[in-house]
Each structure stands twice: as C-alpha cells, then as structure tokens.
Amino acid sequence: MPSTVKGVIARTKGAPVEIVDIIVPDPGPGEAVVKIEACGVCHTDVHYREGGINDEFPFLLGHEAAGVVEAVGEGVTNVAPGDFVILNWRAVCGQCRACAKGKPQYCFNTHNAKQKMTLTDGTELSPALGIGAFIEKSLVAAGQCTKVDPQADATTVGLLGCGVMAGFGAAVNTGGVSRGDSVAVIGCGGVGSAAIAGAAVAGATTIIAVDVDDRKLEWAKKLGATHTVNSRNTDAVEGIRRHTGGYGADVVIEAVGRPETYEQAFYARDLAGTVVLVGVPTPDLQVTLPMIEIFGRGGALKSSWYGDCLPSRDFPMLVDLYLQGRFDLGAFVSETIGLGDIESAFGKMRTGEVLRSVVVL
C-alpha cells in the first residue's frame, strides 16, 4: 500500500525549502519505488526552487541519487527488488527517431513515472527532472534505474546521476577527448571538475583549468589538471594559448553558461578544434560571433546533453573505474548532510565552498 515518508519540497518560487510528509504510491506498470540512500545537491535544484525551469510548483527536489529498489510494477524486467541502482533522467524509450537511428543517448522521448507523488492533502508534486530524490523513497519510471555494482558507496556514485556524468561525458562523449589531446575547461565547479577528471581518464596530456577562484583551481589539480589559469588575474584565452604552444586547445569545455565565457572558449580552441557547451545558460542570454571566424576556424561547436550519456552503458563503466581506483569519485564529495541542511547547502554551492554536498538518508 502507499507509503508516507519525509521529503523536501519547494512550495513557491524563491521560498526556503520545507521538509514535509509525502505519499508515495505503490509502483504501477513500468514503475519502481526506490529507497534513497544518498542524493547530491545540484544547481538544477536551485533553478527549480527559483522558478528557472518552469512554474509547476510544488516541486519535490533532488535528482542525483542512488539507492535500492524496494518494489517494481507490472512488466518491469530491467531491475528487481534488492538491486542497487543509480537514478537517471534519461529513461530511453527505444522507439523515437533518435533510438531508431541507433543513438539512444539522444533519446527524444524519455519518460517518467505516470503516477504522481502527493502531499497528504492530495496536492500533486512535480519531481525534479522526473525523479524527486530528497526523500526517503521515490517513485520513478523503471527505466530511470540503472543497476550497478552494490559494492559502490551510494554517497559517491549517486553523483553520476547528474553533475559528474554531465562533466565527464562532455569531455569524453561530446568532446571526444582522446590520448594526447590538449583540453581546457572554463568553470571548475562540480561539472567542470568532472570534465577535467574525464579528460585525465581519457589520456589528455595537457589539461588546463580556468576559474576565478583559486580554491576551485586547487580542486581541479587534484582531479587531473596539469595547468591552471585564474581568469580574474589573467586573460583566459591568453592563458590557455600560453599552455598550448600558442595554438589553443584541441577541446575547450565551457562549464559556466555565460556569453563571455563561451566567447573565451571559442577563441581559446585551436584551428579545427571543438567547443563544448555544458554550462546551462538562462533563457535570456545571447552570444554574438563573427561568421567569418566560425567558418575560418573550422572544427565544431557542440552542446552536451547530460554528457551525451547512455546510463546503461556509462554508469556501470564509471562505477567500475571508481572501484578500481582509476576514477576518484570520492573527491567530489565535500560534505554529507541531512534533509534539514539542504537550504544551507544551496548557499555553500552559490559561494563556491563545496563541489558537492550530499544528503544521506
């Protein structure tokens, strides 16, 4: 029968989050209930709270999570009760035009649970990214559950559900970073730092971290950056070129989502190089570039959706690398907190005090 559990919601735009009782239905066809063990605090949760995604309040926040499947509905075959899973927001449909072309990492028809979790008065909740994981247990589409090695620590590997996968994939999947490449990453928060780690795993020999915060640049060095540029003191384009023989980087990853940093990324790449936008801009922002420069520099200008990941392929692989000691996921966890500390964690994230705060349930 339905469960009543504690969860964190954003009731109205900009208001502090609240811990409330939430009704979680039994899973229906194609659905699963997952007991959440840990969930990272992501910038996207702040965007939801501030009305930057849509206005479908109240929101059940949280989406970067891992836990154990508690129950599944009719027709579910990919997971079973007791499975340790990472939640994802790309539940591949298998039938849309992207899937039909053999490119499920771009699935255009990803799906969520059909039933709604509600407040005790019946008010329906909008789960962040179709997940809603600042809660003791959550109802999701079974396709949003990716089974991984149960030896992994939920506090750590849950971060693959969003930020770390977005950054790692921006480098490896979207940017195609490979052995011997030079890479620059502009913006070294959680996503940018994950792009640095991805470039290191892929074998890039020059990895340049660019940020205005020396603390973040120190974190970047621990994750694989070979050079750093504090763009508060040094022009970012000049700094990147200085570390690449004057040419610019093969791949430049923009992890801020601002016109000025995107322009820096554009001019900091080598001829025929690649720019990857993974920082999320607000709808009002625009960038203007000379068309002759776009033509004359060649290469590619790309955006990265969720690191262009395929969860069923990428999550188990990255968990294996983590368990083998070849990918330091633990370095992204700055602190562990409880449900009552989320509002404070939002503040720390805005001021750059943490890479990731992780809620442990």
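Q: At what angle do helix 4 and helix 10 pack, and how far apart are their axes?
A: This is a predicted model. In it, helix 4 (residues 163-174) and helix 10 (residues 311-323) pack at an angle of about 100°. Their axes are 12 Å apart.

Q: How do I put that angle into words: roughly parallel or roughly perpendicular?
A: Angles of 65 to 115 degrees count as roughly perpendicular. Helix 4 and helix 10 are therefore roughly perpendicular to each other.

Q: Which residues meet where helix 4 and helix 10 pack?
A: Helix 4 brings Met165, Phe168 and Asn173. Helix 10 answers with Arg313, Asp314, Phe315 and Leu318. Sorted by class, this contact has four nonpolar, one polar and two charged residues.

Q: How many bridges join strand 11 to strand 12?
A: Five bridges join strand 11 (residues 182-186) to strand 12 (residues 206-211), and the two run parallel.

Q: Where do nonpolar side chains tend to be in soluble globular proteins?
A: They tend to be buried together. In this model, the largest nonpolar core has 51 residues. Val157, Leu160, Ile196, Ile253, Phe327 and Phe332 touch the most other members. A second, separate core has 45 residues, including Val20, Val76, Ile337 and Phe346.

Q: What is isoleucine 196 in contact with, leaving aside its neighbours within four places in sequence?
A: The list for isoleucine 196 is Val185, Cys188, Ile207, Ala209, Ala220, Leu223, Gly224 and Ala225.

Q: How many residues of strand 3 are buried?
A: Buried means under 20% relative accessible area. Eight of the ten residues of strand 3 (residues 31-40) are buried, so the strand is largely enclosed by the rest of the structure.

Q: Which strands pair with strand 3? Take strand 5 to begin.
A: Strand 3 and strand 5 (residues 64-72) run antiparallel, joined by eight bridges. Strand 9 (residues 137-141) pairs with strand 3 over five bridges, also in the antiparallel sense. Strand 18 (residues 357-360) pairs with strand 3 over three bridges, again antiparallel.

Q: Which residues stand opposite each other in these pairs?
A: Lysine 35 stands opposite lysine 137 in strand 9. Cysteine 39 has alanine 65 as its bridge partner in strand 5. In strand 18, the partner of cysteine 39 is valine 359.

Q: What is the order of the open sheet that five strands form?
A: The order is 7-2-1-4-8, with mixed pairing. Strand 7 (118-119) and strand 8 (126-127) stand at the edges. Within this sheet, strand 1 (residues 3-10) and strand 4 (residues 59-60) pair in the antiparallel sense over two bridges. Isoleucine 9 stands opposite leucine 60 in strand 4.

Methods. Residues are numbered from 1 along each chain as its sequence is written. This is a predicted model: local features need pLDDT of at least 70, side-chain atom pairs count only at pLDDT 80 or more; totals for chains, interfaces and linings use all residues. Side-chain values use heavy atoms; hydrogens and water are left out. Two strands pair if DSSP finds at least two bridges between them. Helices (H or I, at least four residues) and strands (E, at least two) are DSSP runs, numbered from the N terminus. Axes are lines fitted to C-alpha atoms, for helices over the stretch in contact, and angles run from 0 to 180 degrees between N-to-C directions. Angles under 35 degrees count as roughly parallel, over 145 as roughly antiparallel, 65 to 115 as roughly perpendicular and the rest as oblique. Contact means heavy atoms within 4.5 Å. Ala, Val, Leu, Ile, Met, Phe, Trp, Tyr, Cys and Pro count as nonpolar, Asp, Glu, Lys and Arg as charged, and the others, Gly among them, as polar. A nonpolar core is a set of buried Ala, Val, Leu, Ile, Met, Phe, Trp, Tyr and Cys residues joined through side-chain atoms within 4.5 Å. Buried means under 20% relative accessible area, exposed over 50%, partly exposed in between (1.4 Å probe, protein chains only).
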